[in-house]
Amino acid sequence: MLYATLKLVHILSLIVWIGGMVFAHFFLRPAIQTLEPAARVRLMADVLQRFFNAVLVAILLVLGSGLWMIGRVAKQTVQSGGSFSMPLSWTIMATLGLVMMAIFGHIRFALFKRLQRAVVAADWAAGGKALASIRTWVGVNLAIGVLVVVITLLA
């Protein structure tokens, strides 16, 4: 029961993270292109602030639940007399997950700070540049996230 609950937390957290990137990248951003730069940059800064806070929680849950599940399987395997060797798909999933977390760290703590500074300064051109960089890295993270899902489900 604990393993199933951890897996549920893991998957729901990933849905928030990857689903949020899909929404922002393919639906929100194109829909607000008709807004004036000041309104567009302010709106995106507000939306991203909320989303990034949710992603921080999701990352903690993904990391914690993933490590706990790996540890639980390893412990059970060793206790039953076996030798634990993490499956290749798990290794790839964990490695790419850590890469995604590092990219998110760059987005949240470097690029988003630039966006926030631009909003405070009412520098809409700088805000647009920050948003373009965020969009690029969110696209990279989204592609990696989809790859992880594909590898996990098809392996």
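How do the residues of the lining of the second largest pocket divide into nonpolar, polar and charged? They divide into ten nonpolar, three polar and three charged. Here Ala, Val, Leu, Ile, Met, Phe, Trp, Tyr, Cys and Pro count as nonpolar, Asp, Glu, Lys and Arg as charged, and the others, Gly among them, as polar.

This is a predicted model, in which local features need pLDDT of at least 70, side-chain atom pairs count only at pLDDT 80 or more, and totals for chains, interfaces and linings use all residues. Residues are numbered from 1 along each chain as its sequence is written, and side-chain values use heavy atoms, without hydrogens and water.

**Largest pocket**

- Two or more lining residues come from each of the helices H1 (2-31), H2 (37-79), H3 (88-121) and H4 (124-154); helices are DSSP runs of H or I with at least four residues, numbered from the N terminus.
- H1 gives the largest share of this lining, eight residues.
- The lining of the largest pocket comprises 20 nonpolar residues, five polar and one charged.

**Second largest pocket**

- The volume of the second largest pocket is about 260 Å³.
- This pocket is lined by 16 residues, with Arg29, Met44, Leu131, Ala132 and Arg135 closest to its centre.
- At least two residues of the lining come from each of H1, H2 and H4, and H4 gives the most, with seven residues.

Definitions and conventions. 1 Å grid on protein atoms, 1.4 Å probe; cavity = no way out; pocket = protein on both sides within 12 Å on 5 of 7 lines; lining within 4 Å. Points joined across faces, edges and corners; volume = space filled by probe spheres on them.
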